[in-house]
Amino acid sequence: MAQITISGPESSWFGQGFGQSGMAGSYVLTVDGTAGTLVERDFSSGPPGTVLSSSSVVTAQTVNGVRTAVLERPYTVSSHSSLPSSDFSDFLNCRQTTLSAIAAIGTSLNFGNVAHGRSNRSPNGVLTNICCTDRPTYEPTPQPTPQPVAGATQRPTGVPTTGRPTQVTQRPTGAPTTVTRQPTLAPTTGTPTQTLTQRPSKFPTAPPTQQPVAAGTPTRAPVVSTARPTAAPVPSYEVCVATTRILPEVSVSMARDTTNEMAKITIRGPVDRWFAQGFGSATMPGSYALVVSGAAGSFEERLLTGYDAGSLLSSSAVGNSGVISQDTVNGVR
């Protein structure tokens, strides 16, 4: 479901259009200045457009001269299929991150008089879906490729490194041969190189005699892994609903962690009264509600089935299975 909130003056009608940079072809929401009635309109033929059948749940309120209407509707409405600009599926599913928009304020209370004047309109607007931008990504850290060291001698595979000098058998070549021997585990920095000169032999070099291995003596040194475990990515929340005030003194915002499929909900209100935020319904019955009350700011999750306190739910937040945090600043909890 999509939730669209528009606000404007109570002294005149106002409207918000979607999907086009001008009026023609826009999906338009208009709010009447008399009763605050919200109407969905098809501007395919221009203003005043064709009234669409209601696809949504609408709530409205007026506070300090500002009228706010909240509409809840599916991403795609089958009865609006002839109006492409009314389809929000690409925008809200992040297949596109921006959406063209227009807005206007009328010069009268009722939309029946469509006049708004040039100074009261705003074409060529753009809405940006912040749920689809600045997502945290976790890329594996590339490991450096080992580079061969100039002049280094590669050891045969499977030969254990015991710290003893490597035995090298030289075949006679008829000329003096210089062999460099270095301890395998000893550092080479600052250590003079030991050089042995072999004289040519008239006889083939006999292969080295294999020494018997005593029973119980390990033939390979144990291999100790030094690899460090890869750290799991730190969960990160991205804001999907910026701070919104449905009441002047109560605000709500929402963020998500797509890696762990967790939601973070932040609500703020006065410290001298209880306050609450409901979700999922335009009225109290059927709402999932978060309630903060008392001097200590106790936090509860409730299911409202009527116009009363509802039933207390077992906590799903990070406390039993999550974390609840609170702060109080300048009289706001």
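F279 is buried, with a relative accessible area of 19%. Buried here means under 20% relative accessible area, exposed means over 50%, and partly exposed is in between, using a 1.4 Å probe and protein chains only. Y288 is partly exposed at 28%.

Before going on, a word on the source. This is a predicted model, where local features need pLDDT of at least 70 and side-chain atom pairs count only at pLDDT 80 or more, while totals for chains, interfaces and linings use all residues. Residues are numbered from 1 along each chain as its sequence is written, and side-chain values use heavy atoms, with hydrogens and water left out.

Now the aromatic rings. Rings of Phe, Tyr and Trp, the last by its six-membered ring, pair if their centres lie within 6.5 Å; planes under 30 degrees apart count as stacked, over 60 as edge-to-face, and the rest as tilted. By this rule there are five aromatic pairs. One of them is F18 with F88, which is edge-to-face, at 5.5 Å centre to centre and 75° between the planes. F18 lies in strand β2, residues 14-18, and F88 in the loop between β7 and α1, so the pair ties together parts that are 70 residues apart in sequence. For the element names, helices (H or I, at least four residues) and strands (E, at least two) are DSSP runs, numbered from the N terminus. Both F18 and F88 are buried. F279 and Y288 make a tilted pair, because their ring centres are 6.2 Å apart and their planes are at 35°. There is also a cluster: F18, Y27 and F88 form one aromatic cluster.

Next, the backbone. Where is the cis peptide bond that involves P48? It joins P47 and P48, with omega about 5°. P48 lies in the loop between β4 (38-42) and β5 (50-51).

Two residues have a positive phi without being glycine. N64 has a phi of about 55° and sits in the loop between β6 (57-63) and β7 (66-73). N64 is exposed, with a relative accessible area of 75%. For C94, phi is near 70°. C94 is in the loop between α1 (89-92) and β8 (98-105), and is partly exposed at 25%.

Now S53, in the loop between β5 and β6. Is S53 buried or partly exposed? At 44% relative accessibility, S53 counts as partly exposed. Leaving out residues up to four places away in sequence, S53 touches E40, S79 and H80. Contact means heavy atoms within 4.5 Å. The side chains of S53 and S79 are joined by a polar contact of 3.4 Å. A polar contact is a pair of N or O atoms within 3.5 Å; within protein, one must be able to donate a hydrogen and the other to accept it, and residues adjacent in sequence count only if both atoms are side-chain atoms. S53 and V39 are 14 residues apart in sequence, and their C-alpha atoms are 8.9 Å apart in space.

Last, confidence. pLDDT is the predictor's confidence in each residue, from 0 to 100. The protein averages 74, and 60% of the residues score at least 70. Over residues 184-188 pLDDT stays under 50, and the model has seven contacts there beyond four places in sequence. Over residues 317-323 pLDDT also stays under 50, with ten such contacts.
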